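This report describes selected features of the structure shown below.

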Amino acid sequence: MNIIVVGDGKVGLAIIAQLSREGHDLTVIDSNPNVLENSVEQCDVMVIRGNGASLSVLREAGADNADLLIAATSTDEVNILTCILARRLGTRHTIARVRNPEYAEQLHFLREELGLSMTVNPELDAATEAYRILQFPSFLRRETFAKGRVDLVELRVGADSSLKDISLNQLHKAAPVKALVCAVERGGEVFIPGGEFTLREWDKVYVTAASADLPRLINGLGLDNHKVRSCMIIGGSRIAYYLATMLLKSGVSVKIVESDAARCDELSDLLPNAIIIHGDGNRQRLLLEEGLKETDSLVTLTGMDEQNIFLSLYANHEGVRKVITKVSQNEYYNTIQEMGIGSIICPKALSATRVTRYVRAMANAIGGSVIAMTELADGRVEALEFLATNKTLHLNKPLTEAPIKPNFLIACIIRGGKTVIPQGSDCIKEGDGVIVIASGELAATDLNDIFE
Amino acid sequence: MAFHIMNSKIILRILGNLFLIEALLLIPSLGLAVYDNKPLVLRAILITMLILAVLAVVIRISIKKPEGTFYAREGFLLVALAWVLLSAFGALPFYLSGEIPHYVDAFFETVSGFTTTGSSILTNVEAMSRPLLYWRSFTHWLGGMGILVFMMAVMPNVGGSGDFFHLLRAESPGPSIEKLTPKTQRHSMILYSIYIVMTLLCLALLIIGGMPLFDSICTAFGTAGTGGFGIKADSMASYPPFCQGVVAVFMILFGVNFNIYFFLLMRRWKDAFFDEELRLYLGLIASSVIIITINVSHLFKNVFEAFHHVFFSVSSVMTTTGFATADFNQWPELSRAILLILMVFGASAGSTAGGIKVIRLLMMAKSTGREMQRMLHPRSVRSVRINNRPVGEQVLRGVNVYINCYLAILVVSFLIVSIDGFSLETNLSAVIACFNNIGPGLGMVGPAGNFAAFSPLSKIVLTFDMLLGRLEIFPLIIFFNLRSWNRVT
C-alpha cells in the first residue's frame, strides 16, 4: 500500500520501522533533514523534506493517490490540518496523532467531521496498557484478541509457582483451566513448545485463554491474586493523568508524585480525587514517607528512562508487589526485561502496533486475511488472528491430521462467540476466527501459509 | 589483510551474485565467438565464465544466510571491491585470448570500459576480434548506470530494508541522491528501464542512419554509458554525418540526470524543465559550441561543417564520452583550453557521465557567493538554494571535501605519470582524461593517439584514477584505508 507518514519523531520512526518491515511503500515527510537521513538509512523509504501541512509538499509526496496518511508530528493542530488537507487531495484514509486530553474528549466529533479514520494517542495507549496490566497484576502483559474474548497473557514462572518443572501435557492436572502455553522465552531464546516441553523457573510464558477464564487461570496456577487497591505514580505526565482517571473510576486510590509545582496545581484541578504530592520522586525519604512500602503498585512515568528503571528497581527491592516502568526507547527492552522488575510499557511501540493493526485490517479489506497481530518476545514471535473462509485448506479436519508446519501453533479458535482452546480432535470450520502463533521469521499473511 | 569486519558474509554473498551476473552477461560474447568461429576467444571466454561460476557457487554453498546489518561502511567497501574484482575478471578474456598480451594492459582496458572512460592502450583497434570488441563496448553500458544498481533491479533484496540504499549511494554519481519511489529496488528498475529504452532508441536511429548492425550496437553502448570506445581507428569520423549527429545528441541526453526523465514521464513538467543543473548544463554546452565554432571556423570548409564537428566534440567531451569525428588536438589553443575545462566539469549528477558534475560546480559557486556576502555582512545568515530548496550544510561540506580530494589526487597522479618523461600537456591531460572518465586527452593521448606508450606504473595509476573518478573517490579511499576494515576503530 502507498502510505505517507508525516513527522519522523519517536512515534513516527516506530511506525515507519514496523510498516516498512511489512513491505509497504512508505514516503516520509519531516522538516528536519537529520532525522530523515537516519530513517532512509534504517528503512527502505522515500523521504521528503518540508512541512507536512503544506499542500505542495503533500502533492509532491503523492497524497492525491495514497491509501493512507499518518500524521504523527508532536503538534495536534498540525496533525489534524495535515489530515484534512490529505483527505481533500484524495488520500483514502488518514490517521492523526492527537494527544491533548481536551481534544481527546472530542475525538468522536473530530473523527466524523474531519473524516479521520483513526486517532492515536501514545500517552493514552500507554495509560490503557498500564491500566489493563494493573487489573491482573500477576501478568506482565495482556493482549486481547477477538473483540476482547480471548486474552494472551505473559507471565514469569516464579520459584514457588505450581508451573515449575511441569511438562506441558501435565498442565491440565496442575491447573484445571482451558489454557494453552503457546510460547516460552528462556535465556534469550524463544520456543514454540510441544507437549514434552518442561517449564523451569524464570521462564517467561505466553498463555492464551478465554478472557472470562482469566480469574480461574490465576487461581488454578496459584498465582498472586490480590487486587490492586492503591497505586503510586511517579511523574505527573499526561500518561499519569489518563491512568489516574481510569484507576479512580474503578475505585483504586491514586497518589501522584510530581516535582513541578505548576503541574501539581493543574493535576489537582483535573483530578480532585487523587492525592497530588509536590516533591522530587527520586528522594528515597519522600517515597518512604508517602508509603512506598504499603502501596500495592507503583508506576514510574517520569521523562527519563534511566530514572524510571532505577526507581522500579528500588521499589522491587522494597517489596512493592506490582511495578510498571515506562521507557521511551525500546531498543533495550530485552535487557530491561531480564532485570525482572515487572511490566514495561513503551508508548511509541504501543501506538505503532495499533497503527500496524489498522494497516493490516486495511490490507485485509483488499486481499490479505490477517485481522489482528501482536508481537511477542521483542518481535521474535507473532500472534496473528485470521478468519477462516471457504478457501481455507483442511476445513473440518481434526487438527492432528492437518499438516501444520513446525514453528506454527494454533492457539485458539473462536466460533460463534465461543472460545475453543484447541486439542487434537478439534477442527477449523468456515467463519471461525483462528489465532496462530508464529515464530517471527516465518511471515504468514494468510491462514493457508501455516499448512505444509 | 583478512576480513575482520562483521559483515564480510553479506559482502561476500553479494559479490557471489555479481560474479554470477557477470558470467551470464558474457553469454552474448560467447555466442558471437561461436558465430565468428574464433576458437581462441571462445576458450578464453569459457574459462572466464567457468571461474566466475565456480566462485559464485562456492560462495553460495559456503555462506548460507547472511545475518546482521548492513551499514554505510559495508556499502562503500562492497562497491569498491565489486568494481575492482569485476574489472579484474572482466579483463581475463582479453588476456587469455592473447589479443592483449599483458595483463596490466587488459586490466587498464577493462577498467576503462566499466568506468566509461574509453581510454585505450590498443594501437590498432580494428585488429581486435568482434566478440571482444562487443564485450569491451558492453562494459561501457554496464558501468554507465552501475552494475550494482543492475543487480538491485533484477535480484530480490539480499539483506535488510535499508541495505540497498547504502549501495545506491556509494555507486551513483552526484553529491546526494533523491529517491524516485519509496522502494530502492523499484527506483533501480525505473532507472534501468529508462536507460534501456533510450539505448534502444539510439540504436534504432543509428541503424536507420545506415551504420552496420554490429557497429550500431557497440556505438549505442558507448554512447549510452558515455564511454567512448570506438571500434574503428578513426573513432566516429568515417560514419555518415546523420549518425554522428545522432550520437552527439544522445551523448547530451545521457549526460542529463535521469531523474529529469522520470519527472517527464510523471508529467511533472516544472520539476523537469526548471531544473537549475539542467539549464546550466545545456547553457555551458551552447556557449562552448558558439565560442569554439567561431574560433575554428577557418579550419573547415564552411561554418556548418565547423559547427557539426564542434558540436560533436563539445558534446563528447562535456559528457565525458570521448568519441571523436575530428582531431581537436589540432585546433587553436583557446578551443583546446575550453575543451580541457569542460573535461573537468563533466555532465550532470545522476547521469552516466563522469567529471566533477555541474551540480557540484553550481553548489560551489553559490556557497562561494554566500561566503563573499558574509564578509560584507558578518552576521548574515543565508542558505544555499538550488531549485528553490535549501541545500543542507552537510551536502555542501561533502562537496568541499570532494573538491579537495579531487585536486589532491590530480596532483599526485600527475606527478607519478610525469616520471615517464612525456610532455606536460600529455601527462596532465592523460590524468584528467582518465580521472574524469573521458578517454582521449590532448597531445600524445589526443583523439588520434592512445595510451600504449605509458609505463606499467603509469597505467596502474591511471587505472585507479578511472576507478576513483567513476566511484567518486570515497568508496576507493575508504577501501584502501586499512582502518575501515577493523571492527572497532
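## Nonpolar core

A nonpolar core is a set of buried Ala, Val, Leu, Ile, Met, Phe, Trp, Tyr and Cys residues joined through C-beta atoms within 7 Å. A residue is buried if 20 or more other C-beta atoms, placed from the backbone, lie within 10 Å of its own.

This is a predicted model, in which local features need pLDDT of at least 70, side-chain atom pairs count only at pLDDT 80 or more, and totals for chains, interfaces and linings use all residues. Residues are numbered from 1 along each chain as its sequence is written, and chains are lettered from A and ligands numbered from 1 in the order in which they are written.

The largest nonpolar core has 272 residues, and A:Ile70, A:Ile233, A:Leu243 and A:Val436 touch the most other members. Leaving aside residues up to four places away in sequence, A:Ile70 touches A:Ile3, A:Val5, A:Val6, A:Ile15, A:Ile95 and A:Val355; two residues are in contact if their C-beta atoms, placed from the backbone, lie within 7 Å.

## Domains of chain A

Chain A is divided into domain 1 (2-120), domain 2 (127-220), domain 3 (234-320) and domain 4 (366-450), with bounds from an automatic or database domain assignment. The C-alpha centres of domain 2 of chain A and domain 3 of chain A are 29 Å apart. In the contact between them, 5 residues of domain 2 of chain A meet 7 residues of domain 3 of chain A. On the domain 2 side, the residues comprise 5 nonpolar, no polar and no charged. Here Ala, Val, Leu, Ile, Met, Phe, Trp, Tyr, Cys and Pro count as nonpolar, Asp, Glu, Lys and Arg as charged, and the others, Gly among them, as polar.

Definitions and conventions:
A residue is buried if 20 or more other C-beta atoms lie within 10 Å of its own, exposed if 12 or fewer, and partly exposed in between; C-beta atoms are placed from the backbone.
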